Each structure stands twice: as structure tokens, then as C-alpha cells.
Amino acid sequence: MLSEEKCFEEAFTLARKALSIGEVPVGCVLVYENVIIGRGHNRVNFYKNACRHAEMEAFDEAFLWCKANCHSFNDVFLKTTLFVTCEPCMMCAALICKMKLKRVVYGCPNDRFGGFGSVLDVKETFGHTFPSEIVANYRKDESVKLLQIFYESGAINKVIMDNEAVLNSVPEKDVLQCVSAMQDPDHRCMNPPSPLITKRDRRPSLCERAAMGPVHHGRVRYFCRERGHGYITPLDHQGGEDIFVHISDVEGDYAPHDGDEVTYKLCPIPPKFEKMQAVHVVLRNLVPGVKHERWDQPISHPCHAADSTHP
């Protein structure tokens, strides 16, 4: 059974992940009936989009979970608790109220943009009845220290020496990566490597360029977990050639299915760099009526040789 401590520790893990890539260290998880259905951390800099807060990322994954498991998100959210390391901003608080979440547990107050009382009480001001319970200041000191590491990078050594708990909770390599990223004038932060095994070793410079590139939209034409690759049909422009995608470049908990809508970025394929492939692939809209498999589940639909024919 998932305890509140375990759920919040998962949120801290995501916050440290954000810290390691130069994002504001806030992590969030959504828990429904002892199952984490959504995870997220800040990706504002990565997407160059001020709306990509940890809560928004977690909600996106939760919506995918509901579709993949044939559940109504309206019913699920009524029994869902949100754990986040910092008080949600007014934008995220409004979404939480609108989605009628059962409960919210957050770490430190957000004195600049807090939407649950620090700056504005969205629930009270607009007469919302949800969330029915809000728990504040859960592991507050640890949340504050993570934010201090980010905002006071010039005094980061002093912060760590003053609080040994931070040194234990934040891996040294993550702290060093964060400092390096914030000292980079171009702020060229890379997405953390995929946990999926791959034999391809793409050059870091190509990954950096891809991470800084525009976000494209497409639809999965074909994807095979057995072979570890597939193709995406671009939706940004008609008549374009299908884009190759490797299994290691698909983010999230679910394997793509033919017809799913995705966002992605483009990276040239070595050694000739004549063609492009999709990286940082994120499922955005699952094809209806199809049960999607998680990566940790066995493959239920083996691929056929004819399926992989590329036009």
C-alpha cells in the first residue's frame, strides 16, 4: 500500500530530476486507489512554455492513464490525491479545483504565485467545493531547501554545508549538473536519458540541438515494441515523409499504438545526417477504444513483417 510518505518521496524524486536539468525543482504525483496515475516535474525551460508546470505534466499523464484503462477521468479524480512539493500556483490551483480532485497535499508555500491561500485562495474566491481537503507544509523544510539550491546557485556550497539533509537527499551529480546548467548563458539543458535500453549512442551535441528545437505534432503510423521502432506521420504539414522513431526516444509509461497523436522534436540521423528521426516523443491523444500496454507489461500483440513496410 502506498503511504503518504512514499507518495511524497516520489514527488521529491521528480523535483530533484527537474533540478538536475536546470528547471525549478517542483515535483508532483497523482494517486488514485494506491496507484500513481500521473507524474510530472517542471518543464518550462525545456518546452519554452510557461504552462508546463509539474501539475500540468502530471495531469497529462493521468488523462492518458484514464484513456488507457477505459476509466472516466471525472470519476477517477473524485478519488484522487495530488502530492506536490510546492503550493500550486493560481493557474494550477484553478485546474485542480475544476477537475474536482479529492485532496491536495503540498510542501512549502508559494509566496509569489500560491493559489491555495498564500497569494489568492482560488477555491474560496471562486466558490469551488473541491478539493475537499488541503494539507499544507508537508515536509516543508526539504521543499524550501531544494528551491534554495536552484535560486541561490552562487551560494550553493554554503546551503549544502548548512543543511546536511539536503546533501543526503540530493545526489551530488544532480547538484553539479544544476549549477553547470544555470551558469551556461544559453541555458542548454538536456532531457534526462531514457530508462529504456538502447544500443544507439547519440552525440550530446545533437541531443542539445534537438531539445532546443520546435515541437512538432504527428500521428503514429506504425510502432512495434518487439523491433523497438516505428514511424510517425507529421501533422504539421501534409505530404511529408514519415519520421522514424526509436523505442528509447518515447517518453511516459505507455507504448505507442497505431493512430495515437504525439508531439516530438527532430534530430538528424548519423552518420550522413541526411534524414531526421523523432526524439522526445510524448503521447498526447490516445486512439479511442484501444487498451494501451505499459512498458512493464508483456507484449500482447506481436508485430508482423508486413506491418513494418515503410512507404
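These are my notebook entries on a predicted model, going from the whole chain down to single residues.

**Ground rules.** I number residues from 1 along each chain as its sequence is written, and side-chain values use heavy atoms, with hydrogens and water left out. Since I am reading a predicted model, local features need pLDDT of at least 70 and side-chain atom pairs count only at pLDDT 80 or more, while totals for chains, interfaces and linings use all residues.

**Whole chain.** I looked up the secondary structure and found eleven helices and ten strands. Helices (H or I, at least four residues) and strands (E, at least two) are DSSP runs, numbered from the N terminus. Of the 311 residues in the chain, 46% are buried. Buried means under 20% relative accessible area, exposed over 50%, and partly exposed in between, with a 1.4 Å probe and protein chains only. I then took the contacts between residues at least 6 apart in sequence, and 61% of them join residues at least 24 apart; contact means heavy atoms within 4.5 Å.

**The barrel.** Which strands close into a barrel? I traced five, in the order S6-S7-S8-S10-S9, with mixed pairing. Two strands pair if DSSP finds at least two bridges between them. Ignoring direction, neighbouring strands of this sheet are turned by 50 degrees against each other on average.

**Strand S8.** I stayed with S8 (residues 243–246) and its partners. S7 (residues 229–234) pairs with S8 in the antiparallel sense over four bridges, and Ile232 stands opposite Ile243 in S8. S10 (residues 276–285) runs parallel to S8, joined by two bridges. Here I found Phe244 opposite Gln277 and Val245 opposite Ala278. In a regular strand the side chains alternate between the two faces of the sheet. Are the faces of S8 covered or open? Both are covered: Ile243 and Val245 on one side, and Phe244 and His246 on the other, are all buried.

**Helices H3 and H5.** Next I checked how H3 (residues 54–68) packs on H5 (residues 90–98). The axes are 9 Å apart, at an angle of about 30 degrees. Axes are lines fitted to C-alpha atoms, for helices over the stretch in contact, and angles run from 0 to 180 degrees between N-to-C directions. H3 and H5 are therefore roughly parallel to each other, as angles under 35 degrees count as roughly parallel. On the H3 side I listed Glu55, Met56 and Phe59, and on the H5 side Met91, Cys92, Leu95 and Ile96. By class, this contact has six nonpolar, no polar and one charged residues; Met, Phe, Cys, Leu and Ile are among those counted as nonpolar, and Glu among the charged.

**Cysteines.** How many disulfides does the structure hold? I found zero, with a disulfide taken as a pair of cysteine sulfur atoms within 2.5 Å. For Cys92, the nearest cysteine sulfur is that of Cys89, 3.7 Å away. Cys92 is buried, at a relative accessible area of 1%. Cys267 also counts as buried, at 1%.

**Val24.** My last stop was the loop between H1 (4–20) and S1 (27–32), where Val24 lies. Val24 is partly exposed, with a relative accessible area of 22%. Leaving aside neighbours within four places in sequence, Val24 is in contact with Ala18, Asn42, Leu147, Phe150 and Tyr151. I also noted Ile149, 125 residues from Val24 along the chain, with their C-alpha atoms separated by 9.7 Å.

Conventions. Angles under 35 degrees count as roughly parallel, over 145 as roughly antiparallel, 65 to 115 as roughly perpendicular and the rest as oblique.
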